[in-house]
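Here are my notes on this model. Please read them with the structure open.

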Amino acid sequence: MIYPTRRAVLLAAGGALAALLVAALAAERWYLALAWPLAIAILIAVDARRAGSKAALDVAVPRSAFVGETRDATIALQLSSGAPNAEVAFDRSPLVDMANEGRAGVTLSPEGGRTTLAMTMLRRGAARFETLWLRWPGPLGLVWRQREIARGDTVHILPDLRPTERHGVRLFERFATEGALKQLLRGEGSDFDAMVEFRTGMDRRSIDWKSSARATKLLARVYHGEKNNQICFALDCGRQMSEPVAGVARIDRMISAVLLTGWLALRVGDRVSVSAFDSRPRVSSGFFAGASAFANLQRLAAGVDYGTDETNYTFALTELNARLHRRSLIILFTEVTDRIAARFLLTTLRLLIRTHLVLVVMLRDEELESMATAEPADADAVTRAITAASLLRERQEVVAELRRLGVDVLETPYDEVAPRIAEAYLQIKRRDRL
């Protein structure tokens with residue numbers, strides 16, 4: 001496709017003004033008015049011919065990336081016309097936010113040119129780029145020559161594993177190796193580990209007096225934490241959880257925490273399952289164990305979709321409770337925004353805590369907090385501050401009620417959710433609360 005540039009349009013418009021002047025001042029020589037548009041047309045034709053049609057384009061997009069990650073697409077271009085610059089435009093995808101609306105300029109030399117375009121991954125899924133548009137100007141700058149190139153590039157956007165890579169090894173070194181775990185948990189678990197000689201600093205209640213009498217020296221019992229506990233991740237994927245926090249959906253930030261905590265749980269010998277729900281259960285897995293099962297956890301996490309329905313806690317958590325046949329740690333990831341939903345949540349959790357240990361995880365709403373504490377500058381700002389303060393007060397009332405029930409509640413900033421949940425899980429293991 002060839003079409004005129006802005007310069008050509010402005011020159012043609014100037015020719016129309018010149019034709020009007022000729023018609024007004026020398027009507028008998030009207031034919032002279034045709035000289036300007038004819039000259040512009042000839043120049044455009046010459047420019048289009050010299051623009052050339054051969055282009056060697058190489059585009060490399062990342063094959064996969066984590067949600068929330070920013071990666072670069074690399075563009076290499078060489079033209080036969082010797083144009084000094086060119087422009088490339090990508091297809092738009094709702095899963096990816098591209099810098100400059102997906103357009104990139106390429107500065108060219110006789111050897112070609114290269115540039116990059118930043119791509120920020122917004123949501124999980126397969127982002128496809130079916131078409132690429134390339135255009136470059138002619139030597140006179142009067143025409144654009146444009147090509148539409150079919151590509152079919154796909155970027156697979158995966159759950160964010162960076163918190164697992166960043167914090168997993170550190171936490172694993174502290175807790176997860178079998179020998180170190182037993183040593184760290186001695187005296188704090190429930191399973192008998194060994195009989196050792198009593199030393200200063202040990203709990204006197206651990207002394208086994210009968211064994212000490214037979215051995216004629218003080219002996220103490222040491223314990224280690226129980227393995228093979230059941231850890232159930234319950235993910236609310238309803239409308240509120242699909243809203244973004246700092247550019248990434250709440251559910252994606254929670255999934256990153258699930259992957260880190262699940263990675264640790266599988267390596268310390270516990271069993272893990274995943275449930276996701278909005279108006280009804282969407283994902284329900286059985287329990288799996290062993291370090292090799294982390295791939296199953298990743299697959300299940302990637303399959304959690306973004307919901308648009310309101311969350312039905314009663315349906316989902318009652319169904320989850322029916323599937324759990326022994327005491328488990330239920331880590332519930334949710335967001336409570338109104339008292340009606342909170343009432344249903346509280347009613348259902350009263351049933352769960354009879355048998356299970358429940359940890360509720362919510363992200364701190366820093367946007368609401370900033371609205372509530374900001375100094376109002378006008379009447380609208382006063383209204384926003386009052387509304388934000390009211391919502392935060394209702395939220396804190398729900399959190400207080402959950403804690404009165406005996407439910408553990410963890411409110412955490414969005415950028416600390418993964419390590420803080422992992423630490424909370426390990427503390428529960430240390431104290432043998434399961």
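1. This is a predicted model. Six strands make an open sheet, ordered E17-E16-E13-E18-E19-E20, with mixed pairing. E17 and E20 (408–412) are the edge strands, and each pairs on one side only. From one strand to the next, the twist averages 20°.

2. Look next at E13 and E18. They pair in the parallel sense, over six bridges. Phe233 stands opposite Ile331 in E18. Strands of a sheet pair through backbone hydrogen bonds, either parallel or antiparallel.

3. Helix H11 (residues 379–405) packs on the sheet. H11 touches E19 (357–363) and E20, and its direction makes about 145° with that of E20.

4. Which residues of H8 (residues 313–323) are buried? They are Tyr313, Ala316, Leu317, Leu320 and Asn321. These residues lie on the same side of H8, because they cover an arc of only 130° around the axis. An α-helix has 3.6 residues a turn, so residues three or four places apart point the same way.

5. What do the buried residues of H8 pack against? Their partners are strands E13 (230–236), E16, E17 and E18 (328–333), plus helix H9 (339–352). At the start of H8, a side-chain oxygen of Asn312 comes within 3.3 Å of the backbone nitrogen of Thr314.

6. Asp278 sits in the loop between E16 (271–277) and E17 (281–284). Is Asp278 buried or exposed? Its relative accessibility is 4%, so Asp278 counts as buried; the cut-off is under 20%. Leaving aside neighbours within four places in sequence, Asp278 contacts Cys237, Gly238, Gly307, Asp309, Glu310, Thr311 and Asn312.

Technical notes: Residues numbered from 1 in each chain as written. Predicted model: local features only at pLDDT ≥ 70, side-chain atom pairs only at ≥ 80, totals over all residues. Heavy atoms only, no water. Helix = DSSP H or I, 4+ residues; strand = E, 2+ residues; numbered from the N terminus. Buried < 20%, exposed > 50% of the residue type's maximum accessible area, 1.4 Å probe, protein only. Contact = heavy atoms within 4.5 Å. Arc of directions from axis to C-beta. Polar contact = N/O pair within 3.5 Å; in protein donor to acceptor, adjacent residues only side chain to side chain. Pairing = 2+ DSSP bridges. Axes fitted to C-alpha atoms, helices over the stretch in contact; angles between N-to-C directions.
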